[in-house]
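This briefing goes through one protein model by topic. Please keep the sequence and the 3D view open while reading.

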Amino acid sequence: MWFYFRLVLLALYFLLLFFLSRLLEAVSWYQGNSPFFYSRQILEPISLSVLKLKQILESRGISYAGVVEKQELTALVESSGEVVQEELDSAIETENSTPQSSIFSKTTKSTHFTCGSHFYEEVEDTKDSVWLVQVIPSGLTQPLLDTSTWKQVISKVSRFGVRAGIFECSLDERLCARKKWTTPQLVLALPRGHRAKQEVVLHSYLFPAKAQAVLQWIRHLLATRIKKVDSPDELENRWLTYSPETPLSEIRVILMSTMSQPPLFFSSLAIKFTGRVRFGLVNISENNKIQWKNKLKVSTFPVYLVVTPEKQLFTVISVVKPLILTAWASFKVAETRNE
């Protein structure tokens with residue numbers, strides 16, 4: 001009898017050890033030591049170096065020009081969402097890519113247009129993407145941006161879906177004459193309005209400048225695709241509520257943040273889903289922060305509100321995950337098309 005009792009105690013001992021080992025393993029996974037739970041590890045921005053904070057801002061398409069203090073950089077990161085280890089690693093890998101790496105080659109690739117019809121086909125007939133084109137007039141060999149600055153600019157914007165190209169007017173004199181391209185310039189092609197298949201508008205940049213100024217120009221133009229929501233009533237009546245006149249296939253995504261300008265990834269999504277998803281921005285100030293928190297029942301900002309026609313419900317996202325948001329929007333658009 002005593003033998004069996006000791007055997008049972010031994011079995012219970014090993015069973016306890018088994019559960020303890022599994023518990024410690026689960027804790028280790030959750031803290032980010034296992035690839036399966038890697039993206040769950042949320043980092044405190046204040047604990048990151050200035051370099052890493054800048055790399056996060058670059059990956060989100062947020063300008064930090066003129067910001068030098070770590071406290072200000074931390075505030076910028078926090079205003080756009082929480083930081084996870086996976087995002088930081090991806091940002092570091094992209095920023096540290098070398099000219100020999102595949103990432104660098106992909107992000108600095110630009111199309112050399114062969115003729116006017118090639119330009120029309122790629123740029124003006126594409127209604128769901130953005131093109132940045134260097135125009136070189138006939139008789140000139142120097143573009144507005146030198147090779148180094150050009151690669152720096154397109155490496156920053158290509159990760160957000162902005163495509164790049166170079167057009168030499170000697171290939172089609174009539175096209176350049178019609179567009180009045182007589183001096184070296186940058187052309188940013190954006191779809192007009194917020195409906196699918198509308199015409200493309202060409203915006204010109206004529207002044208020689210450093211990469212930072214060009215990037216700010218691009219951010220400003222893309223930000224115009226985001227509708228600013230000015231009041232709780234407007235949010236309730238025009239964004240969270242579906243009126244009888246509203247198409248039931250319409251999906252809405254609203255960023256609520258202390259930022260006055262949306263991240264570049266958010267603006268680029270508005271163009272990718274032109275006519276299918278509406279994107280809005282609510283600027284949260286210290287004066288109305290408590291009012292917005294009480295209305296939405298949230299404890300902190302920023303939040304991303306994803307509004308769908310089903311039962312007029314929305315989902316709150318606090319961690320910036322551009323790829324997940326893109327995949328989700330693509331799924332919802334495909335789902336509404338099949339209905």
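Val253 has Val306 of strand 11 as its bridge partner. The model is a predicted one. The pairing that joins strand 9 (residues 251-257) to strand 11 is antiparallel and runs over five bridges.

**Strand 11**

- Strand 11 covers residues 303-307, and five of the five are buried, so the strand is largely enclosed by the rest of the structure.

**Overall make-up**

- The protein contains 13 helices and 12 strands.
- It has 339 residues, of which 43% count as buried.
- Its exposed surface comes to about 19200 Å², with 57% supplied by carbon and sulfur atoms.
- Taking contacts between residues at least 6 apart in sequence, 67% join residues at least 24 apart.

- Five strands form an open sheet in the order 3-5-4-6-7, and the pairing is mixed.
- Strand 3 and strand 7 are at the edges with a single partner strand each, so one side of each has no neighbour in the sheet.
- Within this sheet, strand 4 pairs with strand 6 in the antiparallel sense, again over five bridges.
- Val133 is set opposite Val187 of strand 6.

- The buried residues in helix 6 (residues 116-124) are Gly116, His118, Phe119, Val123 and Glu124.
- Viewed down the helix axis, these buried residues fall within an arc of 165°, so they line one face of helix 6.
- What do the buried residues of helix 6 pack against? Their partners are strand 3 (111-112), strand 4 (130-136), strand 5 (162-168), strand 6 (185-191) and strand 7 (200-205), together with helix 8 (173-179).

**Nonpolar cores**

- The largest nonpolar core has 53 residues, and the members that touch the most others are Leu132, Leu186, Leu188, Trp217, Ile218, Leu222 and Phe279.
- Helix 9 (residues 211-223) gives the largest share of this core, namely seven residues.
- A separate second core of 16 residues includes Ile254, Met256, Val282 and Phe301.
- Beyond its neighbours within four places in sequence, Leu186 is in contact with Leu132, Val133, Gln134, Leu144, Leu145, Trp150, His203, Ser204, Tyr205, Val214 and Trp217.

**Helix 7: Ser155 and Val157**

- Ser155 is part of helix 7 (residues 147-157).
- Is Ser155 buried or exposed? Its relative accessibility is 15%, and because buried means under 20%, Ser155 counts as buried.
- A polar atom of the Ser155 side chain lies 2.8 Å from the backbone oxygen of Gln152.
- Val157 also belongs to helix 7, and with a relative accessible area of 1% this residue is buried.
- Leaving out neighbours within four places in sequence, Val157 is in contact with Val162, Leu215, Ile218 and Leu264.
- Val157 and Gly61 are 96 residues apart along the chain, yet 7.9 Å separates their C-alpha atoms.

- Thr274 sits in the loop between helix 11 and strand 10 (277-283).
- The relative accessible area of Thr274 is 5%, so the residue is buried despite being in a loop.
- The side chain of Thr274 has a polar atom 3.3 Å from the backbone oxygen of Ala270.
- Thr274 and Pro191 lie 83 residues apart along the chain, with their C-alpha atoms separated by 8.3 Å.

Technical notes:
Residues numbered from 1 in each chain as written. Predicted model: local features only at pLDDT ≥ 70, side-chain atom pairs only at ≥ 80, totals over all residues. Heavy atoms only, no water. Helix = DSSP H or I, 4+ residues; strand = E, 2+ residues; numbered from the N terminus. Buried < 20%, exposed > 50% of the residue type's maximum accessible area, 1.4 Å probe, protein only. Contact = heavy atoms within 4.5 Å. Areas by Shrake-Rupley, 256 points an atom, 1.4 Å probe, with all protein chains shown as cover. Polar contact = N/O pair within 3.5 Å; in protein donor to acceptor, adjacent residues only side chain to side chain. Core = buried A, V, L, I, M, F, W, Y, C linked by side-chain atoms within 4.5 Å. Arc of directions from axis to C-beta. Pairing = 2+ DSSP bridges.
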